[in-house]
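Subject: Structure handover

Hello,

Here is the structure I said I would pass on. Please open it and keep it beside this message while you read.

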Amino acid sequence: MIHADDTEETVSSASTSKNKEEKHDKDPIEVESTIWAERTPAPEWKPTDQELPRYVFSGRLKYLPLPANKVVKIFLSSTFTDMYVERNYLLTEIYPRLQQFCQNEYSLEFQVVDMRWGVRDEAQQDHSGSKTCMDELRSCQELSLGPNFVCLLGQSYGNRPLQSEISLHDWEIIVSALESLGGEGLNLLKDWYQRDDNGIPATMILMPLNERCPVVQEKQFSDEISPKLHAYLRNGVQKAVDDKLMDEKQAKKYFWSVTEEEVYNGVLSLFEEEARNHTLCFVRNLVNINYQDDKADRFVELEQVDDKVENRETSKMIKDLIMATKKHLGAENSFTFADVEWNDMKSANMESLKGYLIEFGEKFEKEIKNIIRRAADKKNPIKGHSLAGMLTEIAEHDHQALAKNKTLQGRADIMATIRTYIHSESTFPFIMYGDSGFSKTSLLAVASIRVYDWLGDTGKEDLVVVRRFLGTTPDSTNIGSLIDSITIQISNACQFVLPQTKDLMQKLVLTLISIPKNYRVVISLMSFCHDRFVPPQTKDPMQKLVLTLISIPKNYRVVIFLDSLDQLSAYGKAHTLEWLPDQLPSNVKLLVSTLPEDHNILNLLKNRHYSDKQYVEVKILDTQLALKLIKDWLRSCKRQLIEDQFTILSERFETDANTSPLYIKLIFDVIITVPFYVDDIMLKDLLLKINSPVQCIRYIFNELKRKNGDLLVHRLFAYLHLSNLGLTENELIDLISLDDEVLNDVFQYQVPPLRRLPAVLWARIRNSVKDYMVTREANGGKVIAWYHRQFVEVGDTMFKDEPPVEGYKIQASHLCNLLRESMVDYFSVITFFLLSPVYNLNDIVNHDDRKEEVQDNFSLFGVYCLQVFGDIEGLTGLFGMYSWSEICEMTSRISFKNQKAIGKDKDETIDSGELENSFDKLFRAFMFSSSLLSVYPRMLGPITLGRLLAFAPGSELISNFVNGVYEKGPKINSFVCPHPQLEGSGTHLVMEMPNDHSGPCVAVIMLTPLDGSFYLTLSRKAVLTNVEEKRSLNGSERDR
């Protein structure tokens, strides 16, 4: 039973900040608090584990489970040179095992942030290296399940950079202190540190080198200017400490190294319990160091007295840091390896270091696994539920609603219209439409939260809210899985069981009419569910949804919110809207949104001839609200525009009619990156250049290239835009890891023992545009894609039609073809391990040091066609009038995967029953022969001819294919079939027995249990095969 105290259905996402004095009882140094120090107190009452699923099914937000972490992401902290051997050993020996452990045991990604790679020259130019480290560390703390920080400490204290940012309070104290010392160095400090009034509060910022160029070069700064700035700044700080103007611990940040800053933020700033749940420390002590050796300074800081000796200041600081860290973590989380011989480490003598490295690696692996197990196995209220996956899906959409609730401002007129519809007697859907980026999603999200207030406090137990933000999760992309999730959620929330029917329309109708009258149902395509109710067994989405809605008991009210109908895949004729009911039961409300032109969806909805009040167009924002949004977003990031800058922005909007929410968000994303020292003229010029969403997106992409490298960013997004159905993250990283040009650029300073793109580099780029990307389902995998069409269009131009940099050695069109070939090579050869007579791929893919992910699914069709025709043009020519995108669309319907490697236009789709039937026959011919073709792939042409010749006269598609095989097939296999010789699809042949036997088959036993049809085959092992699913279920070796 839902608790009567449920009131406003909004909750904070996860945490609130603790009082800073409480957090820093032991160390008051002001740093940003980490996620682990920000936890909300438990509510006075919360549902039991048994009650919680009912809350989730009903769309309640008050006790919504926190989002599940999907990655183990560890920040590895140490100085680079002295821990070089340990870092490389972890990379080559331990990380692969941990990655496999995470994937196999918990389906988690495993990532390690190693800052040896990915910090480019630009970070040195603008002194942002330390900030980049801290940003990555916070990302690990926010995203990682279990361990998020590991430090390796030795005798080296590490680099101590200049403070890139100083608070005004500290600056005034330091200036006053230096003036009391005579003012030496003050002019130099004031020249390099400038006031940033765009910060909240204002701060002093160390100016980038490129603002001083060509007067000051990087080497001159590091050799001459930086040491002086260090000395003057520390003199002022020390004088302030001596005069009791600054606390010693507050002053520490002006003396500490990057390593100590990382350890402080990763370990020492946390409560002990939190630190021990998420962090580890490994200490290594070298013995017999020869301080006079040229390589000694790689392992310890030195100073010159008579001879070189260990620097007393840094020696004390590293010892104090080790002691504090070990004390904070305790013996269970800190480990010391003593008496490691320096000579062996200096020369990287792996034979002598073998024992130490094995011990260190095993301890590292064991402790990381222990923390992961404790975190993953921690009691989860919905983890053990029979429908845990569906509950997680519902929670994910509900969290999206909460996030969107924080961003919407204005739109009171539309919210009032939605409220009127919720209270009305209308039995028709409510349709909201508008251009991309016009805040349709936020409007539906906020409405799905406010609906509780609109419908009053009484009877809340009978209100069910279903939310689905279509296209944002794999299960909200495909119409079949979407309808399954909605019907199961409603039936569980309303506690009814539907009749067992295979007719989807009947299933939906029965669901709706079964809703109790005391329940109100609000449907917003964004959620999942099931426990007591089993939906009808039907494959027709329309029938399924209608049957569900009409089965809702009349004492229930259901409100369904389905955002972005245009984001559904075309699979299952989703864009025809045949699945969407024309009329609803009286206790059901359905609200949907769509783009006005995509897939003809809006026209189909208008052709239903509802009254005008059922349709609402979302238009642009007024200028004042747009400016307020930007101002509020800046304030949330502790930034602001000063008066003159805000005037320039206001004038810009007065001359521009485009104030769509997407454009406003893009303007904000641009402005937040503009440095404070940009003058008014430059700001005006910038705002004139970004006069449309397209120009804003180009600016954002160019900033990504500047910060992360032209080649890396261009190649990543080029592969993404060249794929038709999208790429998984592992596929994308694999493709880049096979590209030596990109890897040489990424590893320009240090070459790792494993030449593979660090996953964290892609994660950093994706996080920069995370508000505009989604994960979708395509051919059984979770692929990444852009959410807004404008990003697709701009990306196609920048990454397919333009080179990575001006004057690039290869023309864009030729580069595009080369990248397509690389994708074909990857999906063909890596997947199938076949040697193609057309491509010589050995030089491209046989890299033992890349460790590409082997694909599980494959398409013999794709391999064969590429073997026969050699290129995309020949392949598309095979099918005559059909475009490649049409071929890809149809093949995806038949559940074949690898067409994603060489797709073209994502927006071209087809919906022809005759064509689908031809494709079905074509692919069934391949499927029926799969057991033979897996061993003899070059027989694909003759075998498919033997099955398809009979269908050629009635199908242009099959006729083109047959003619193409006759013409070019003999290059692969000279055997040609002049007449039909094998059973084809559409006959009594259902499937061919899988080739799972290592010896002759001696018996076939047909089984027909209640839940399906199976046959058992026997040789030296028994193989049980599901006839309906056409796959082997198991096989165990046994004696005959």
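In which sense do strand 11 and strand 15 pair, and over how many bridges? Strand 11 (residues 430-433) runs parallel to strand 15, and the pairing covers 4 bridges. Before going further, please note that this is a predicted model.

**Strand 15 and its partners**

Val-558 has Val-588 of strand 15 as its bridge partner.

Val-588, Leu-590, Val-592 and Thr-594 point one way from the strand. Lys-589, Leu-591 and Ser-593 point the other way, and the residues of both sets are buried.

Ser-564 sits in the loop between strand 14 and strand 15. Its phi is near 65°, which is positive although the residue is not glycine. Most residues other than glycine have a negative phi, and most peptide bonds are trans. Is Ser-564 buried or exposed? Ser-564 counts as buried because its relative accessibility is 6%, and the cut-off for buried is under 20%.

Asp-462 is another loop residue, placed between helix 17 (440-454) and strand 12 (463-469). Its relative accessibility is 12%, so Asp-462 counts as buried too. The side chain of Asp-462 makes a polar contact of 2.8 Å with the side chain of Arg-557.

**The chain as a whole**

The protein chain has 40 helices and 22 strands. Of its 1040 residues, 56% are buried. Among contacts with a separation of 6 or more, 78% are between residues 24 or more positions apart. The accessible surface comes to about 45500 Å², and carbon and sulfur atoms hold 49% of that area.

In soluble globular proteins, nonpolar side chains tend to be buried together. In this model, the largest nonpolar core has 127 residues, and Phe-701 and Phe-717 have the most contacts inside it. Helix 27 (residues 710-722) supplies the largest share of this core, with 9 residues. What does Phe-701 touch, leaving aside its neighbours within four places in sequence? Phe-701 is in contact with Phe-717, Trp-786, Phe-791, Val-794, Gly-795, Met-798 and Phe-799. Another core, of 69 residues, lies apart from the largest one; its members include Met-390, Ile-422, Phe-430 and Val-466.

**Salt bridges**

The model has 33 salt bridges. Three of them are described here.

- Lys-628 and Asp-632 form a salt bridge in which the closest N and O atoms are 2.9 Å apart. Both residues belong to helix 22 (residues 623-636), where they are 4 residues apart, about one turn of the helix. Lys-628 is partly exposed, at a relative accessible area of 42%.
- Glu-802 and Arg-698 meet in a salt bridge at 2.9 Å, N to O. This pair links distant parts of the chain, 104 residues apart: Glu-802 is in the loop between helix 31 (789-800) and helix 32 (812-832), and Arg-698 is in helix 26 (residues 693-708). Glu-802 is partly exposed at 25% relative accessibility, and Arg-698 is partly exposed at 21%.
- Glu-741 and Lys-809 form a salt bridge at 3.7 Å, N to O. Glu-741 is in helix 29 (residues 740-746) and Lys-809 is in the loop between helix 31 and helix 32, so the pair ties together parts that are 68 residues apart in sequence. Glu-741 is partly exposed at 25%, whereas Lys-809 is exposed at 65%. Both residues belong to a network of salt bridges that also links Arg-715 and Asp-739.

**Two backbone details**

Ile-200 and Pro-201 are joined by a cis peptide bond, with omega about -5°. Pro-201 lies in the loop between strand 5 (193-196) and strand 6 (203-206).

Ala-348 is not a glycine, yet it has a positive phi of about 50°. Ala-348 lies in the loop between helix 13 (342-346) and helix 14 (350-376), and it counts as partly exposed at 36% relative accessibility.

Regards

Note on methods: Residues numbered from 1 in each chain as written. Predicted model: local features only at pLDDT ≥ 70, side-chain atom pairs only at ≥ 80, totals over all residues. Heavy atoms only, no water. Salt bridge = Lys/Arg side-chain N within 4 Å of Asp/Glu carboxyl O. Helix = DSSP H or I, 4+ residues; strand = E, 2+ residues; numbered from the N terminus. Buried < 20%, exposed > 50% of the residue type's maximum accessible area, 1.4 Å probe, protein only. Core = buried A, V, L, I, M, F, W, Y, C linked by side-chain atoms within 4.5 Å. Contact = heavy atoms within 4.5 Å. Polar contact = N/O pair within 3.5 Å; in protein donor to acceptor, adjacent residues only side chain to side chain. Areas by Shrake-Rupley, 256 points an atom, 1.4 Å probe, with all protein chains shown as cover. Pairing = 2+ DSSP bridges.
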